[in-house]
Amino acid sequence: MQLASPPAPPAGPDSAADRPDLALGQPQGWRERLAAWRDRRMADPAFRTWVLRTPLLRRVAQRRARQTFDLVAGFVYSQVLRACMELELFERLAGGPVQPAALARAVGLDEAALDRLLAAGVALKLLRWRAGGRIALGPLGAPLVGHTAIAALVEHHHALYADLADPVGLLRGPAGRPATSRQWPYTVHARPDSLAAEQVATYSGIMSASQPLIAQLVLDAYPVQRHRLMMDVGGGEGAFLRAVARQAPGLRLRLFDLPAVADRARQRFAEHGLAGRAEAVGGSFLSDSLPGGADLISLVRVVHDHDDATVRHLLRAAHAALPPGGTLLIAEPMSETPGAEAMGDAYFGLYLLAMGQGRPRSPATLRALLAEAGFVQIRQLATHLPLQTGLMVARVPGHEAAA
C-alpha cells in the first residue's frame, strides 16, 4: 500500500513568527533541528489525522492519546480512590469477594451509585470482578488494605485540590493563604518555635502517618546500627526513630523538633517503652544550634520542605553539630529520579508551592549544597523504591570518616 505524504504544518496567525513576546532561538545541531521538526509536525492537526490513518503509526498515536487523556482525567481518578477509601471498600473486601448488593447496604449507597463506583474502581485496577458477579480487591487496591499512610495522604489532599483549582493563580502567588499551607503552619509562622500544641497536631499526624512509607527503605539502604547516637532533625512525633529503634536496639536516639512537636514525640516514646533510650529536644534549627553528641544526623523529608537559604543554614548547623567523621543522611523524594520524574517534579513541585515553601531537588543539587556546607564523601545510595524516597549520605571530614 502506498502512503500519501504527510501534510505540511500550516502557517497562521498563531505561529511563533507572529509572537513577538517569545524569544525563540534557532535550533543548534542536527538533533535539535530534528526535534524542532518533530514538534512542528506533532502540533499540526492534519499530521495527527494522517498518523491515525497510517497502520504502522496508529498504535503509537493511540498510546500517546491515552497518556494525554490520563493527564486530563487524573483528578477524577484520584477522587475514585478517595471515594473507595472513604467508604472503606478495601477493608470491607479484605476477607474476600462479596455481592454488590450486600456491599451497597454496608456502605449506605443505592446499588446504581455503587455500581458506577465499582465500574470505575475496576477500570483503575483498584477492584476486580470475580465469578458470580462478586466484587473483589484488584491489584492496586489490595496493597491499600490497612495502609494508614496512604489513607492520611488521600484524606488531606482535599486542601491541595482546592489550591490547584486555579493553578495559574497559585503559580502567580495567591491573593490569600493557600489551604495546604494552613495544614503546615510552621511554613508561614514568624516564630514557628512558639506554635501551640493544637497548631502542630494536624501536620504532626500527617508526618507520622507518612513515615512508615519510607522508614524501612532508609533502614534497608543504610546500616544505622554502626553508630552510637542518631539525631533525627525535624522528626515529628518520632515515627521514624521508633522504626530505627526496632532495627538497631543498641543505638541511642534523639529527636529535635519544634517544642510543641517534641512534647508529642516525648509522649510517643513513653507509650512505646523508649523513654529511657530516646529523648526529644525542643527548638528551631532556624534560631537554635543543633545539640551536639550525635555521630549520625538524619533529615527525613525535611530538606525539600525549605527554600535554599534555609537549607544552607540547616546543613551548616548539621555539620557543626557532628563530630569529625560524623554522618548526615538526607532521605526524601528527589527530582530527576529515573522512572519517577512525575512524582518528584510535578507532584512535589506543586505540592510544596501550595505548602508555602520548599522545592524538590535533584541528587546533583543536593550534592552541591552538601559540599558547600563542608561535607565530603557525598554519595547517593539506592533504595528499593526510589519513587518514594532517595537517599544521600555525606560525612564531616575527619580521621574517622570511612570510605
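Predicted model: local features only at pLDDT ≥ 70, side-chain atom pairs only at ≥ 80, totals over all residues.

Residues are numbered from 1 along each chain as its sequence is written, and side-chain values use heavy atoms, with hydrogens and water left out.

**Exercise 1.** Find where Lys-125 sits and describe its phi.

Solution. Start with the place: Lys-125 is in the loop between helix H6 (111-123) and strand S1 (127-130). Helices (H or I, at least four residues) and strands (E, at least two) are DSSP runs, numbered from the N terminus. Next, the angle: phi of Lys-125 is near 65°, a positive value in a residue other than glycine. For comparison, most residues other than glycine have a negative phi.

**Exercise 2.** Decide whether Glu-336 is buried or exposed.

Solution. First recall the cut-offs: buried means under 20% relative accessible area, exposed over 50%, and partly exposed in between (1.4 Å probe, protein chains only). Glu-336 has 55% relative accessibility, so this residue counts as exposed. Its loop runs between strand S7 (327-332) and helix H14 (341-355).

**Exercise 3.** Locate His-306 and name its side-chain partner.

Solution. Look in the loop between strand S6 (296-300) and helix H13 (308-321). With a relative accessible area of 9%, His-306 is buried. Its side chain joins that of Gln-357 through a polar contact of 3.0 Å (a pair of N or O atoms within 3.5 Å; within protein, one must be able to donate a hydrogen and the other to accept it, and residues adjacent in sequence count only if both atoms are side-chain atoms).
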